[in-house]
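Hi everyone, thanks for coming. I'd like to walk you through one model today, so let me put it up on the screen.

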Amino acid sequence: MTDTGRTLLVTGGAGFIGSNFIQFWLDTFPQDTIRNLDALTYAGNLANLTDVADLPNYVFIEGNICDAATVERAMQDVDIVVHFAAESHVDRSITNPAIFLETNVLGTHQLLQSALAANVGHFHHISTDEVFGSLELDSQAQFSEDTKYDPRSPYAASKAAADHLVRAYGETFGLQYTITNCSNNYGPYHFPEKLIPLAITNAIDDQPLPLYGHGLFVRDWLYVEDHCRAIASVIEQGEKNTTYLVGGMDEEITNLDLLTLILSLMDKPDSLIKQVADRPGHDHKYSVDWSHINTTLGWSPSVTLEEGLQKTIRWYQDHQDWWRPLKEAQAEYFAKQYQVDRK
Ligand code: NAD
C-alpha cells in the first residue's frame, strides 16, 4: 500500500465487467491506484476506458496472464488482485475449447503463483454460476454456495478448474482469497455478441433478434453496476477464503420473455424475434440464491430487470459509435453463429 492508497492489479479490465469495475472502483476509491493487465483479445477494448485513461492513478499494461515475466512485473507491490481476465463466451468454447483452458486455467494458475511469490494480501477471483451446471425448468431449486460443481460446457469447466485452483492455493499455500460466482451480467460496454446487447443493437436497426431453440430456458440477469458493487463489498468486508454468489433477480424470466420485454421497451414488434438452431448442451435454467451476500454484507440489487434494461437500451442508443465498429469487425462470426435471414 502507498501513502495515498492501495494498488490493485485488475486483469481483463478492458472487457465488459472489468472496465465497468475499474470506473466504479476509481469513482468510489479515488485514492487507490489500478493497474489493468489485459491482452486485448477480440473482447478487450480500450474505448471502454476513455473516462479513466488519463487519470494519474490508472495504468494500462498490455499483456497475457499466461506470460510469467509479464505477470511477475505487474504483480510487484500489489495489495489486491481482482481477476476478471478470461475467455468468456460459451459459444466460442464449443468451437475452440483449447484457448479457454490456456487463459482460464493456466492463466489463473500463473496469477496465483505470482501473487503468492509477491506476497499479495488478497486475491479476488471472478467466477460464474455456470460452474454449477443446469437446473430443471420445473424445479424451484436455486444455486447456492453449497451447490455441487457440475459444469457442462468447456467454458464452465475451465472456470470450475480455476475456482478449484484458487481454493487449493488458499488451503495449500495460505493465499488469502475471495471468490464471487455471479449470474449473467448486462449493461453498458457489453460486447454485442451476447444475448441482450445483440438484441438491443439488432432492434435499433430493425434486424432480426436471434433466439436459441424454443426460448423457454431461464436465466438470472444481473445489472453490471450492481455486480461491481457486490465485488467491492466482498473485497472490502468479505470473509477471507469464502465464496459469495451474486444474482440479480427475484423472479424467473425465459429468454423469449426477455426478448419480448426488450422489444416492448423499445417500441418494436415481436415479429423481429427469429428462432435459430439451439446451442449444443444448452443449459436449461440458472437461478441464483443471493441471500448469503445479502445477509452477511447487506448487498442487494439496486435495479429491477426492467429498470436495468431501460438504462442499458438508452446507453446503446446513445453509444452507437462504440458498438457499430465492433459489430462490423465481427460480421462474419455473427452471420455464421446466428443463421438468421437478414432483411
Ligand atoms: P469479456 O470477454 O468481456 O472480457 C474479458 C477480458 O479479458 C477482455 O478484455 C480480454 O482482452 C481479456 N483477456 C482475455 N484473455 C486474456 C489473457 N490471456 N490475458 C489477459 N487478458 C485477457 O468478459 P466479461 O464478460 O467482462 O467477464 C469477466 C469475468 O467475469 C470473466 O472471468 C467471466 O468468466 C466472468 N463472468 C462473466 C459473466 C457475464 O455475464 N459476462 C457472468 C459470470 C461470470
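Let's start with helix 6, where Ile196, Pro197, Leu198, Ala199, Ile200, Thr201, Asn202, Ala203 and Ile204 are buried. By buried I mean under 20% relative accessible area, with exposed being over 50% and partly exposed in between, using a 1.4 Å probe and protein chains only. Helices here are DSSP runs of H or I with at least four residues, strands are runs of E with at least two, and both are numbered from the N terminus. Because nine of the ten residues of helix 6, which covers 195-204, are buried, the helix is largely enclosed by the rest of the structure. Just after helix 6 comes Asp206, with a positive phi of about 55 degrees.

A quick word on ground rules: this is a predicted model, local features need pLDDT of at least 70, side-chain atom pairs count only at pLDDT 80 or more, and totals for chains, interfaces and linings use all residues. Residues are numbered from 1 along each chain as its sequence is written, and side-chain values use heavy atoms, with hydrogens and water left out.

Helix 8, residues 255-265, has its own buried set: Asn255, Leu258, Leu259, Leu261, Ile262 and Leu263. Asp267 follows helix 8, and its phi is positive too, near 60 degrees.

A backbone N or O atom of Phe84 is 2.8 Å from a ligand oxygen, and for a polar backbone atom of Phe16 the distance to a ligand oxygen is 3.0 Å. The protein covers 96% of the 830 Å² of accessible area that the ligand has on its own, with areas from the Shrake-Rupley method and a 1.4 Å probe.

Let me pick out a few single residues. Ala160 is in helix 5 and is buried, at 4% relative accessible area. From Ala160 to Asp150 is ten residues in sequence and 8.5 Å in space, C-alpha to C-alpha.

Thr178 belongs to strand 6, residues 177-182. Buried or exposed, would you say, for Thr178? Buried, with a relative accessible area of 0%. The side chains of Thr178 and His124 are joined by a polar contact of 2.7 Å, meaning a pair of N or O atoms within 3.5 Å; within protein, one must be able to donate a hydrogen and the other to accept it, and residues adjacent in sequence count only if both atoms are side-chain atoms.

Finally, Asn119 is in the loop between helix 4 (98-117) and strand 5. Asn119 counts as exposed, at 68% relative accessibility. Asn119 and Ile253 are 134 residues apart in sequence and 44 Å apart in space, C-alpha to C-alpha.
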